[in-house]
Amino acid sequence: MELELIPQSTRVEENGFGAAADIRLSQTRTFFCVMEITDQKEQESVDVSIWGSADGENWGTHPILKLPQQFYRGEARAVLELTLVPEVNFIRAGWELNRWGRVAPLPMFVLQLRLTEMAVMPLRVPHVQSSTA
């Protein structure tokens, strides 16, 4: 399963949320998240988060994942693990912009957030004995 919670080349100039994505068909409920910033102004930051919902309407008061705060172009990566929250059936991205300084008054970022479902992670790592000869 592949999801684009923020489509490629999305320009954001104010706080907001993306569209909801249905994850009920996910086999592993574990996703590798990559946020890419391709353009931005100076003296600003963006906080991108992922929110979860059981019904696609009520999103709660706290995100289920916050990516590291970003100031510049580049990538940020994280793993979203939802196996311990089976009630989450929908996810969406949220973003908060912050600007300081005396340059243009509006913050602006061009970014993307894509998620790729990961293979099942083992609950235990097998113990391997090594021998010295």
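In this predicted model, the side chain of serine 45 makes a polar contact with the side chain of glutamine 69, at a distance of 3.4 Å. Serine 45 belongs to strand β5, which covers residues 44–53, and with a relative accessibility of 1% this serine counts as buried.

**Strand β8 and its partners**

- Strand β5, where serine 45 is found, is joined to β8 by 10 bridges, and the two strands run antiparallel.
- Within this pairing, aspartate 47 has glutamate 96 of β8 as its bridge partner.
- Strand β2, made of residues 16–17, also pairs with β8 in the antiparallel sense, over two bridges, and the bridge partner of phenylalanine 17 in β8 is glycine 94.
- Strand β3, made of residues 21–22, is joined to β8 by two bridges and runs antiparallel to it; here alanine 21 has isoleucine 91 of β8 as its bridge partner.
- Eight of the 10 residues of β8 are buried, so this strand is largely enclosed by the rest of the structure.

**The open sheet of four strands**

- Four strands, in the order β1-β9-β4-β7, form an open sheet in which the pairing is antiparallel.
- The edges of this sheet are β1 (2–12) and β7, and each of them has a single partner strand, so one side of each is left without a neighbour in the sheet.
- On average, neighbouring strands of this sheet are turned by 15° against each other when direction is ignored.
- Inside the order, β4 and strand β9 (residues 109–117) run antiparallel and are joined by nine bridges, and isoleucine 37 has leucine 111 in β9 as its bridge partner.

**The loop between β6 and β7**

- Glutamine 70 lies in the loop between β6 and β7, and its relative accessible area of 15% makes it buried.
- The side chain of glutamine 70 reaches the backbone oxygen of proline 68 at 3.2 Å, and proline 68 is found in the loop between β6 and β7 as well.
- Proline 68 is partly exposed, with a relative accessible area of 44%, whereas glutamine 70 is buried.
- Proline 68 and alanine 78 are separated by 10 residues in sequence, while their C-alpha atoms are 8.6 Å apart in space.

**A nonpolar patch on the surface**

- Phe71, Tyr72 and Trp100 form a nonpolar patch on the surface, and together they have about 340 Å² of accessible area.
- One of these residues, tryptophan 100, lies in the loop between β8 (90–99) and β9.
- Tryptophan 100 counts as partly exposed, at 36% relative accessibility.

**Salt bridges**

- In general, side chains of opposite charge can pair when their charged atoms come close.
- The structure has five salt bridges in total, and three of these are described in the points that follow.
- Arginine 73 and aspartate 39 meet through their side chains in a salt bridge, with N and O 2.6 Å apart.
- Arginine 73 lies in the loop between β6 (65–66) and β7 (74–81), and aspartate 39 lies in strand β4 (residues 30–40), so this pair ties together parts that are 34 residues apart in sequence.
- The relative accessible area of arginine 73 is 51%, which makes this residue exposed, while aspartate 39 counts as partly exposed at 28% relative accessibility.
- Glutamate 13 and arginine 11 form another salt bridge, with a distance of 2.8 Å from N to O between their side chains.
- In this pair, glutamate 13 is partly exposed at 34% relative accessibility, and arginine 11 is exposed with a relative accessible area of 51%.
- Aspartate 22 forms a salt bridge with arginine 24, in which the closest N and O atoms are 2.5 Å apart, and aspartate 22 is partly exposed, with a relative accessible area of 35%.

Conventions: Residues numbered from 1 in each chain as written. Predicted model: local features only at pLDDT ≥ 70, side-chain atom pairs only at ≥ 80, totals over all residues. Heavy atoms only, no water. Salt bridge = Lys/Arg side-chain N within 4 Å of Asp/Glu carboxyl O. Buried < 20%, exposed > 50% of the residue type's maximum accessible area, 1.4 Å probe, protein only. Pairing = 2+ DSSP bridges. Axes fitted to C-alpha atoms, helices over the stretch in contact; angles between N-to-C directions. Patch = residues over 30% accessible without salt bridge, like charges linked within 9 Å, V, L, I, M, F, W, Y side chains within 5 Å. Areas by Shrake-Rupley, 256 points an atom, 1.4 Å probe, with all protein chains shown as cover. Polar contact = N/O pair within 3.5 Å; in protein donor to acceptor, adjacent residues only side chain to side chain.
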